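This report describes how two protein chains are arranged and how they touch. Look at the sequence and the structure before reading on.

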There are 2 protein chains.
Amino acid sequence: MSVVQMVKIVGLGAVALTLSVEWLGWLFCRLWPRKISRGPLKEVFFFPTEVACTERLFTPNSPFPCPCPLPHNINTSFTRLLVHILSASSSLDLCVFAFTNLDLSRAILALHTRGIPIRILTDMDYTLITGSQIGAIRRAGICVRCDSGAVHMHHKFAVVDGRRLITGSLNWTLTAIQSNKENILVTEEPDLVLPFITEFQRLWDVNDPARRHLPSITEKPASLVL
Amino acid sequence: MSVVQMVKIVGLGAVALTLSVEWLGWLFCRLWPRKISRGPLKEVFFFPTEVACTERLFTPNSPFPCPCPLPHNINTSFTRLLVHILSASSSLDLCVFAFTNLDLSRAILALHTRGIPIRILTDMDYTLITGSQIGAIRRAGICVRCDSGAVHMHHKFAVVDGRRLITGSLNWTLTAIQSNKENILVTEEPDLVLPFITEFQRLWDVNDPARRHLPSITEKPASLVL
């Protein structure tokens, strides 16, 4: 076989391969568009949500069915929120104004028991409200810092494993979950997650009791416009 | 030229063209990654923000410089928020718990003067707070509906032109903007925007004074998990 023939065969082989890959990709996109073109995780859910039993999320391997009278094995906005919190495998950073919900407190304590590093930043005034879970969480040995400024630390976001953002209008209270009209947005889109990670770290440093009065820490956030 | 030769030339031409396009795409991505891979608009900004003059946003063609003592021509989280609101060209749907900020009220009235259809959904109790702008907005002829339930309509989101979502922890109040720690997330990612459009329409229908008691309207939101 001559060199020219070899070049032609290789050339035709390459064209066949390239076109096949392109066409297969196109075909896959057409047949299963949701599997290919979705990109990073994106979810939105709204509240109030149905009240359902959450026991299976905390004890998935229990052989005994939960005897409580609530509906079981149904997906609600709240169970989705719990699933995202409980999915943490390496870290959880939580920045929340009001925290009184017992199930969410249980989820935090369960992650702590699993050895997941947790940092919680909250508003000092709202640690004093009836039913606040911050005391119980602190007593369990989880690191909590409080924003004690004259105004509100009004955020309601969490970053799971440094890559999944959970944010919205929802405070971690029973009223917010079962009564109010609220929203939660979950995303792993880096352009949306990274500014929250940076802001959490800034607020965490600002509210370090040992460093609070050092002049090097910026008191106002940078406008993180991407 | 024989048919075989023709096939070979066309084949080699196709391979050259396909590979060139692939390689040029790869090169463009490497050289200008932010221009290619960003996808839909995504912005995050945090509050409190610097106080700056916003006059130029409302009167961009004015030949006279604003005489006020505030800093001019600087970008802050609040000017970014105003720019997004004022960018509306076909519609604005706003779902907000508390609305007392005068600049945001001025932005809404400016859009109304331009003939942009505006729908505002708010919490009935919070229309009565000191400085609420809802009365002035209603008097201007903008359509406002109030959620008069016993619990809070706690959302703080807007949808601009049916495609740009503005959501976060921030109520439309002066305290939230100049004092509190707050966040705003802006995105045109359809998977995130569409659930908010659906939820707005549902709440708009639920709170139609003429239809509020019809049984066909769902009182609880569907869990819009995408």
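Which residue of chain B forms a salt bridge with A:Lys181? The partner is B:Asp147, and the closest N and O atoms of the pair are 3.0 Å apart. The model is a predicted one.

## How the two copies are related

Two copies of a chain are related by a rotation about an axis and a shift along it.

Strands of a sheet pair through backbone hydrogen bonds, either parallel or antiparallel. In chain A, 7 strands form an open sheet with mixed pairing, in the order β1-β7-β6-β5-β2-β3-β4. Strands β1 (42–47) and β4 (143–147) of chain A are at the edges; each has a single partner strand, so one side of each is left without a neighbour in the sheet. From one strand to the next, the twist averages 10°.

One pairing can be followed in detail. Strands β6 (residues 164–168) and β7 (residues 182–187) of chain A pair in the antiparallel sense, over 4 bridges. A:Leu165 has A:Thr187, in β7(A), as its bridge partner.

## Helices on the sheet

Helix α8 (residues 190–206) of chain A lies across β2 (92–96), β3 (118–123), β4, β5 (156–160), β6 and β7 of chain A. This helix runs at about 75° to β3(A).

Helix α8 (residues 190–206) of chain B also packs on the sheet, where it touches β1 and β7 of chain A. The direction of this helix of chain B makes about 20° with that of β1(A).

## The interface

The size of an interface is often given as the accessible area lost when the parts come together. Chain A and chain B bury about 4800 Å² between them, and 64% of this is on carbon and sulfur atoms. On each side 56 residues take part: 56 of chain A are in contact with 56 of chain B.

Between the chains there are 4 salt bridges, and 16 residue pairs are in polar contact. On the side of chain A that touches chain B, the elements giving two or more residues are α1 (3–31), β1, α4 (77–86), β5, β6, β7 and α8 of chain A. The most comes from α1(A), with 8 residues.

Conventions. Residues numbered from 1 in each chain as written. Chains lettered and ligands numbered in written order. Predicted model: local features only at pLDDT ≥ 70, side-chain atom pairs only at ≥ 80, totals over all residues. Heavy atoms only, no water. Pairing = 2+ DSSP bridges. Axes fitted to C-alpha atoms, helices over the stretch in contact; angles between N-to-C directions. Contact = heavy atoms within 4.5 Å. Buried area = accessible area lost by both parts, 1.4 Å probe. Salt bridge = Lys/Arg side-chain N within 4 Å of Asp/Glu carboxyl O. Polar contact = N/O pair within 3.5 Å; in protein donor to acceptor, adjacent residues only side chain to side chain.
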